Amino acid sequence: MPTAIDGTSLPSRSRLVNIDKSHNLDRLPRLIPRKKAPPQQNPLPVPPTPPLTPPVDPQNLKFHEPTRRILSPRDYELFQASSTYSLILSFVFSLSEAAADKKISSIYQDKVPDAIEHVLSVLSEIEETINRCPPADQGRSRFGNPSFRDFLDAIAFQNSSWHSLLGVPSSSAVAEVSTYFQNSFGNRARIDYGSGHELNFLMWLLCLNRLSILPPPTFPGLALLVFSRYIKLMRTIQSTYYLEPAGSHGVWGLDDYHFLPFLFGASQLLHHPYIRPLSIHNELVLEEEGDEYIYLDMVRETMASKSVKGLKWTQPMLDDISGAKNWEKVEQGMRRMFVKEVLGKLPVMQHFLFGSLVPAAEGMSREEEVGVKPEEEEQEGGEVVVEHDGVKHVHRDDAWGDCCGIKIPSTVAAAQEAKKKGEEDSFRRIPFD
């Protein structure tokens with residue numbers, strides 16, 4: 001019999017086995033099926049569409065050139081609790097709902113309203129303006145082309161006649177409304193473009209709505225004809241003047257420049273019989289349906305502008321969203337993202353402009369009160385500096401700002417330079433792809 005180190009005897013192997021068997025046979029644990037994990041719930045509710053308030057009589061308004069009013073954390077809180085915040089949500093979400101389940105070409109089945117035709121003609125004239133302001137030769141630089149400033153000057157010169165064509169009632173109203181329009185194409189000092197400039201274009205349309213020039217019956221045409229035309233115009237401007245993406249993280253988002261096309265585009269596809277979110281990886285679907293659906297067109301253009309093949313490498317968020325169950329989930333997510341990533345981001349909203357048609361809330365600061373120069377007078381670059389009694393927007397050249405503190409070369413510029421060298425059809429593949 002085996003013994004332990006201290007000399008005591010140990011039970012034999014066979015006895016241990018017998019003990020184990022006799023001890024455990026009647027005590028096997030019951031097999032309990034695992035409970036299915038509950039589905040994960042998004043903690044953020046889907047933002048609803050607030051009711052759109054009727055326009056105010058222009059005779060009761062005192063028009064003035066819009067200025068920045070979000071100059072401190074308190075200003076931002078006042079804005080988020082204001083009727084103007086609800087008005088912005090209502091207008092943007094109403095446009096999205098007006099695009100639901102509609103192709104772009106469906107708008108032409110009925111007579112297009114004259115107001116829509118006038119806006120489209122203005123955008124066409126802007127495209128002609130690009131031809132009159134060719135980009136300056138700056139070698140192979142992929143940063144913003146200074147001729148963009150000449151282009152903006154040419155637009156400013158024609159603003160009055162364009163807005164008279166649209167029916168804006170007075171010179172003071174033109175000065176207010178055209179400020180949003182002028183800021184819809186990018187920043188003059190930084191030669192960049194981002195979701196804040198895109199929002200300015202929507203605010204321009206909102207101002208025309210407040211003046212009863214673009215009433216709710218025009219909303220389908222605004223979302224599908226005017227806005228899609230604006231996006232195509234911006235692609236031309238971006239590729240001509242090499243506008244830099246505003247902000248330092250656009251490449252990891254939906255698109256380097258735009259957000260709202262994905263909201264309107266998801267609404268278009270809400271109940272499509274065969275196009276699913278995963279269909280964005282099918283190049284044939286993109287080619288055949290991209291001209292009718294804004295979302296697919298954005299994906300198609302994004303893929304064409306990148307030198308690396310594959311959305312999971314260039315636009316990982318778009319790639320993740322393609323796994324959604326249906327377009328309703330995508331549309332709800334885009335609503336949340338607009339509230340959180342556009343209206344909810346101080347680096348974007350600190351540039352937002354308030355006038356009489358898009359008014360600031362009572363108690364919000366004024367630029368002259370806090371000693372901040374108008375944005376067009378500030379120098380290149382920018383960040384928010386938090387001080388003891390608030391926030392001031394100042395510009396520096398040595399900081400990585402969240403909104404505009406660093407120059408970011410444009411991927412559109414890279415694609416254009418590749419075309420010049422005859423390399424437009426080549427892709428760099430990521431290893432192990």
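Modeller: Phe185 is in contact (heavy atoms within 4.5 Å) with residues including Ile126, Phe151, Tyr230 and Ile237, its neighbours within four places in sequence being left aside. This is a predicted model, in which local features need pLDDT of at least 70, side-chain atom pairs count only at pLDDT 80 or more, and totals for chains, interfaces and linings use all residues. Residues are numbered from 1 along each chain as its sequence is written, and side-chain values use heavy atoms, without hydrogens and water.

Colleague: Why is Phe262 called buried?

Modeller: Buried means under 20% relative accessible area (1.4 Å probe, protein chains only), exposed over 50%, and partly exposed in between. Phe262 has a relative accessible area of 0%, so Phe262 is buried. Tyr295, at 1%, therefore also counts as buried.

Colleague: What makes the pair of Phe262 and Tyr295 edge-to-face?

Modeller: Rings of Phe, Tyr and Trp (its six-membered ring) pair if their centres lie within 6.5 Å; planes under 30 degrees apart count as stacked, over 60 as edge-to-face and the rest as tilted. Here the centres are 5.4 Å apart and the planes stand at 90°, so the pair is edge-to-face.

Colleague: How do you know that Arg335 sits over the ring of Phe93?

Modeller: The criterion is NZ of Lys or CZ of Arg within 6 Å of the ring centre and within 35 degrees of the ring normal. The charged end of Arg335 is 4.4 Å from the centre of the Phe93 ring, and sits over that ring.
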